[in-house]
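Here is a protein model to work through by question and answer. The sequence and coordinates come first.

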Amino acid sequence: MSWVGQKFEVEVGPVAHGGHFVARHEGRVLFVRHALPGERVVVSVYEDNGGSFCRADAVEILRPSPDRVEPPCPFSGPGMCGGCDFQHVSWDAQRELKAQVVREQLARLGKIERDVVVEALPGGPLGWRTRIRMAVDGDGRPGFRGTRSHDVIPVDHCVISRPGMVEAVADRKWRASELTITQDGDGNLHVGEVRGRHTVRRAGTGTAVETAAQRKWRISADGFWQVHPAAADTFASVVGEWIAAGPGQRAWDLYGGAGLFASVLARQVGDTGSVLVVESFAGAVEDGRRNLRRLPQIEWVVGKVERLVTRALPVEDPHVVVLDPPRKGAGKVVVAEVARRRPQRVVYVACDPAALARDLAEFTAQGYRLEALRAFDAFPMTHHVECIALLVPETR
């Protein structure tokens, strides 16, 4: 019998990957949102597909954790906006929870025991998000979807977004299915109306101006760019420090986007070196070519990395490789091919710790070891965490 709608009193256990916490009731696992480890809570089950687990919200806190705080957002909580997982958690405790998740994923999936500290980025936990996508409900009101739901929760502001972004669209009715809103590095606002898969109308120039890696970037306002204003520059700095490519060397930038890391690599290898960028999204490559047109050592290839890496990339092996795959990770085929080329260093930028751990296990099997790891809280108030790993060949 389904437990949906039923309430239970439970003891909350450890954090799990995905922004929830583990509890148990009558032999089944409950993945509980809006809770904290060690709390005694009443949960209400909102999803039960049978099997060994179901999903629930903590709707009454009987014994609160000392890390619990009042959520700064009025739209946070059971049945409300699903965008933030940790509004009820102090900022220091948020980072420790994320560190626990990274440590657990590395140990369980990667067989790697390593201490992890999640570093804060400048600016604090609120007002950092520069790019958002909002759904529009049947009455034309913009908002955010609930947890694991298509329901739209209308909002008139968002505490993690830059001030004024949501307010700019909240006071009118929209005929679009979604809205894309970007505040670029110069403070300009760009609003796109999406119908189906296409942006049909845009307010603003459509070209966002950003600054990172010692240069100005002009990129599509609804294309990919780091959403935290300090993230792109921070990640480029770490990648540059760890990749340490030398003049005349060959570098690969796989899943290269608009070329943020390629610009760092090009500066390191110089005019006599080469940088190969592989990116599946043609729009990002167009942005990259336009921004980095004065760096002829960069070669751009449009296509899926997993399809191209085994048959269409240059015969000459790279000295260094940067990997910045999507949330699912690079996967066995890409890792095996990169490892077969035996680069001196691989820097892996990961937005999902589980995918990172799986790929690190594959690198280990291919004769590489994890030399260094840093983790960053690039998405405060959510469960997301960004990791950067340095891999080097095992010495024999």
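Predicted model: local features only at pLDDT ≥ 70, side-chain atom pairs only at ≥ 80, totals over all residues.

Q: How many disulfides does a search of the whole structure find?
A: A disulfide is a covalent bond between the sulfur atoms of two cysteines. The cut-off for such a pair is 2.5 Å between sulfur atoms. For C73, the closest cysteine sulfur is in C81, at 6.4 Å, which is too far for a bond. The search of the whole structure gives a count of 0.

Q: Which cysteine has the sulfur closest to that of C387, and is C387 buried or exposed?
A: The sulfur of C387 has its closest cysteine sulfur 9.7 Å away, too far for a bond, and that sulfur belongs to C351. Buried means a relative accessible area under 20%. C387 has 1% relative accessibility, so C387 counts as buried.

Q: Where does UniProt place the feature "active site", and which residues does that position touch?
A: The unreviewed UniProt entry puts this feature at C351. C351 lies in the loop between β20 (345–350) and α8 (353–365). With a relative accessible area of 17%, C351 is buried. Leaving out residues up to four places away in sequence, C351 touches P325, P326, R327, V385 and E386.

Q: What is the volume of the largest cavity?
A: Rolling a probe the size of a water molecule over the atoms shows where empty space is left. Searching the whole structure for cavities of 30 Å³ or more finds 1. The space in the largest cavity is about 60 Å³.

Q: Which element gives the most to the lining of the largest cavity?
A: The lining residues include H17, F86, K98, P353 and H383. Two elements give two or more residues to this lining, β2 (15–16) and α1 (91–110). By class, the lining has 7 nonpolar, 4 polar and 1 charged residues. With 3 residues, the element that gives the most is α1.

Q: How many charged residues are in the lining of the second largest pocket?
A: This pocket holds about 190 Å³ of space. Its lining consists of R215, K216, R218, R290, N291, L292, R293, R294 and L295. Both β15 (215–220) and α5 (282–291) supply at least two of the lining residues, and β15 gives the most, with 3. Alongside 2 nonpolar residues and 1 polar residue, the number of charged residues is 6.

Q: What covers the buried residues of α7?
A: Helix α7 spans residues 332–340, and its buried residues are V334, V335, E337, V338 and A339. After α7 comes R342, with a positive phi near 55°. The cover over the buried residues of α7 includes β16 (250–254), α6 (305–308), β19 (320–323), β20, α8 and β21 (368–377).

Q: Is W128 buried or exposed?
A: W128 sits in the loop between β7 (118–120) and β8 (131–136). Not counting residues up to four places away in sequence, W128 touches I160, S161, R162, V227, H228, P229, A378, F379 and P380. The relative accessibility of W128 is 2%, so W128 counts as buried.

Q: What separation do the C-alpha atoms of W128 and Q87 have?
A: Along the chain, W128 and Q87 are 41 residues apart. The C-alpha atoms of these two residues are separated by 14 Å.

How values were computed. Residues numbered from 1 in each chain as written. Heavy atoms only, no water. Buried < 20%, exposed > 50% of the residue type's maximum accessible area, 1.4 Å probe, protein only. 1 Å grid on protein atoms, 1.4 Å probe; cavity = no way out; pocket = protein on both sides within 12 Å on 5 of 7 lines; lining within 4 Å. Points joined across faces, edges and corners; volume = space filled by probe spheres on them. Helix = DSSP H or I, 4+ residues; strand = E, 2+ residues; numbered from the N terminus. Nonpolar A, V, L, I, M, F, W, Y, C, P; charged D, E, K, R; others polar. UniProt positions renumbered as here; feature names shortened; annotations may be inferred. Contact = heavy atoms within 4.5 Å.
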